[in-house]
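Let me put the structure up, and then I'll walk you through a few spots in it.

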Amino acid sequence: MKVWIADLTYTQQVISNDIFPAAQSGILEYTKQNVDFEIETEVFKFPPEFDAAFQRDKPDIVGFSNYIWNCNLSLKYAEAIKRKFPEIPIIMGGPNFPIEVSEQKQFLSENKFIDFYVFKEGELGWLNLIKALYETNFDKNATLKRIDEFSNTVALDEDCKIKISNNMNRLTDVSQLPSPYLNGALDKFFDSKLLPIIQTNRGCPFTCTFCTEGQSYWTKVRKKTRDMVQNEIEYITKKIVELPDDKRRYDFYIADSNFGMFLEDIDTCMHLAKMQTEYDYPKYVNVTTGKNKRERVLEAARLVKGAIKITGSVQSLDEEVLEAIKRKNISADKLLSIAKEAQSFDSNVMSEVILGLPTDTREKHFDTLKKLVDSSFNFIVMYQLMMLPGTEMNNKDAWDEFKFDTRHRVLPRCFGYYDFLGEEIVSSELEEIAVANSTLSFQDYLDCRKMNFIISIFYNDGIFEEIIKLIENNNLSAFEWLKTIYENDTVKEFNDLVEQFLDETNDELWESKEDLYEFATKKENVEKYIDGEYGNNLMLKYKALSITQYFDAICEIAMSSFDSFSRQNKIYNSTISDVVKEIIKFKHYKISNIFDLKCKQYEDIFEYDISRIKISDIKDESFDLNEIKFKEPIPYVFLHSPKQSTMIDNYLNLFGDNINSLAKIVSRVHLKQFFREAIKKV
Ligand code: SF4
């Protein structure tokens with residue numbers, strides 16, 4: 001018996017979801033382990049390879065994953081298979097599925113080629129279904145008669161009546177799950193295109209209403225064994241270091257929702273640190289860190305030498321908003337204090353904020369951003385509220401209560417066209433976001449997006465961290481400096497950039513989902529999405545523009561805004577002004593044209609030791625800036641080290657060098673690692 005699962009991703013602009021299909025492969029390994037008949041399994045990620053597989057072979061059962069980033073693509077492929085091979089049962093699974101039974105029925109009625117849907121945890125549902133299909137010789141109706149024996153499964157019968165299995169189970173012991181890595185099932189994906197991901201535990205004790213994991217079903221956290229986790233890390237590391245240098249990527253993903261909160265996570269980090277020492281991998285560990293157990297989270301990050309960006313994700317710091325989204329159980333104070341402590345070992349400390357949550361306002365959003373900036377988080381990710389299927393936030397009661405006004409837009413990078421089974425599939429993915437609610441007007445929303453844009457460009461990635469430090473040392477709010485930039489319209493080129501950003505923010509929103517879907521699935525329009533004419537992740541695109549074509553204008557407005565800010569706050573004097581001028585010059589040489597490896601090096605003379613500004617010995621507010629003045633001006637040279645050049649080159653080869661490719665790179669790396677090194681020429 002042959003079972004295939006496709007966890008498809010779009011590939012034409014860039015690979016939109018470049019993560020190993022470990023969850024799908026894990027489901028198949030679990031099935032294999034628990035059936036007593038021969039079963040051959042295969043997992044696919046890339047549309048052309050899935051098509052090639054059908055040219056050479058035919059499976060008995062096909063499965064598809066369903067996430068916000070591949071739902072329509074999966075549906076189109078499933079429909080094409082059912083048209084050509086009606087006898088092949090099709091199973092779909094994944095979190096992008098409604099919780100209301102009436103909406104589940106509507107989904108299945110609109111997509112009748114999906115024979116079964118497995119929702120919530122996948123292993124038990126898929127195992128039962130595959131066994132029953134085998135035993136009934138792939139007869140859907142006969143299998144459906146046994147649906148009560150299954151877990152987590154829903155389907156329509158011949159009369160379009162919805163059938164849901166009685167059990168909504170979770171595995172009580174995930175330590176028994178086989179590893180798709182250790183079984184070799186994922187070996188074919190070690191070719192640098194995708195990034196490996198593991199999961200050390202499942203579940204989340206919190207109850208956020210905008211998140212699919214906020215449901216009580218996921219409350220209990222179930223853990224894998226230490227041995228399994230360490231063996232997977234070691235297996236992955238050895239596979240990665242076998243790759244030639246130009247094919248090696250340095251990121252590693254952990255899919256846990258609250259990493260660092262559990263004792264076992266310390267063991268995981270110790271093992272990661274061992275790999276870093278022995279193999280120089282992984283350099284970046286992408287994971288969401290825990291919202292409580294601050295000391296343990298900090299210890300975990302400390303062990304991997306800053307490779308983990310600590311996430312103090314607040315979403316909002318307003319009490320009323322937190323209550324409305326049932327996130328009250330997360331301690332906002334503890335989250336804020338994490339940032340300051342993490343500075344001591346130079347970890348990246350990231351927070352996340354969502355604009356447009358129930359009861360949110362412009363003032364509340366600005367206030368949350370101010371608290372985060374002034375708490376020393378060095379990166380703030382600013383999202384808009386997505387109305388996700390399968391969340392409490394997206395049910396009728398919430399819509400009635402909070403009066404969401406929503407728009408639709410195409411998900412960045414999620415569009416494409418492919419040949420499959422002799423037909424052409426044209427597809428794109430849409431998302432629905434809240435742009436207003438009963439307390440937030442559309443104009444407020446745009447104002448907040450402009451502030452988000454300023455933070456992304458001037459604050460994130462430590463672009464001007466020395467200026468931030470100077471402001472903090474004067475007991476002033478760095479957020480207020482960013483607000484001065486927000487209000488400053490003296491640099492025309494920068495104004496043009498802001499205006500372009502806001503115009504594109506407005507233009508990408510559609511009122512009608514149907515009209516947008518029709519537009520975004522016409523091949524000629526999809527080509528424009530791929531070319532970057534439409535549908536970019538605007539925050540990332542403009543971040544990439546700001547550090548390439550517009551960095552001169554960014555430096556100019558940073559200087560003029562600091563000038564006004566320092567005068568308004570009575571800290572202006574010629575020394576601080578000279579120091580800030582030198583900081584900006586210093587950062588210009590480190591960052592300007594950062595991806596251009598042809599631009600070999602810059603040289604200039606400095607009067608102040610800029611590198612000393614952000615280190616702790618000048619935290620003392622009585623510190624005199626003259627102490628960092630050189631006895632005589634020192635020449636510096638700014639250049640990418642050979643290691644940096646190799647890394648940049650690898651990313652450019654993988655993603656390309658147009659502005660959308662650079663935006664994707666910006667989203668993937670710690671940008672600071674690419675800043676040119678500043679070397680004193682003595
Ligand atoms: S803490 Fe994170 S994973 Fe858990 S429910 Fe909230 S948003 Fe979801």
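Let's start with proline 282, which is in the loop between helix H8 (263-279) and strand E12 (284-286); helices (H or I, at least four residues) and strands (E, at least two) are DSSP runs, numbered from the N terminus. The peptide bond from tyrosine 281 into proline 282 is cis, with omega near -5°.

Quick housekeeping: this is a predicted model, where local features need pLDDT of at least 70, side-chain atom pairs count only at pLDDT 80 or more, and totals for chains, interfaces and linings use all residues. Residues are numbered from 1 along each chain as its sequence is written, and side-chain values use heavy atoms, with hydrogens and water left out.

Back to the backbone. Most residues other than glycine have a negative phi, and most peptide bonds are trans. Threonine 359 has a positive phi, near 70°, and sits in the loop between strand E14 (348-355) and helix H12 (362-374). Lysine 570 has a positive phi too, near 55°, in the loop between helix H21 (551-568) and helix H22 (574-591).

So which of these is buried and which is exposed? Threonine 359 is buried, with a relative accessible area of 13%, while lysine 570 is exposed at 75%. (Buried means under 20% relative accessible area, exposed over 50%, partly exposed in between, with a 1.4 Å probe and protein chains only.)

Now the sheet. It's open, with seven strands in the order E2-E1-E3-E4-E5-E6-E7 and mixed pairing; two strands pair if DSSP finds at least two bridges between them. At the edges are strand E2 (40-44) and strand E7 (162-164), each pairing on one side only. On average, neighbouring strands are turned by 20° against each other, direction ignored. Those angles run from 0 to 180 degrees between N-to-C directions, and the axes are lines fitted to C-alpha atoms, for helices over the stretch in contact.

Look at E3, residues 61-65. Why is it largely enclosed by the rest of the structure? Because five of its five residues are buried. In a regular strand the side chains alternate between the two faces of the sheet. Here Ile61, Gly63 and Ser65 are buried on one side, and Val62 and Phe64 on the other.

E3 runs parallel to strand E1 (residues 2-6), joined by four bridges, with valine 3 opposite isoleucine 61. E3 also pairs in the parallel sense with strand E4 (residues 90-93), over four bridges, and there valine 62 stands opposite isoleucine 90. The chain gets from E3 to E4 through helix H3 (residues 71-84), a right-handed β-α-β crossover. Right-handed here means that, with the strands pointing away from the viewer, the path from the first strand over the helix to the second runs clockwise.

Next, the ligand. Around it we find Cys204, Phe206, Cys208, Phe210, Cys211, Glu213, Gly214, Ser257, Lys291 and Arg327, where a residue counts as near if one of its heavy atoms lies within 4 Å. By class that shell has five nonpolar, two polar and three charged residues. (Ala, Val, Leu, Ile, Met, Phe, Trp, Tyr, Cys and Pro count as nonpolar, Asp, Glu, Lys and Arg as charged, and the others, Gly among them, as polar.)

Last stop: isoleucine 471, in helix H15 (residues 465-473), is buried at 0%. Not counting residues up to four places away in sequence, isoleucine 471 touches Leu476, Ser477, Ala478, Trp481, Phe562 and Phe565, with contact meaning heavy atoms within 4.5 Å.
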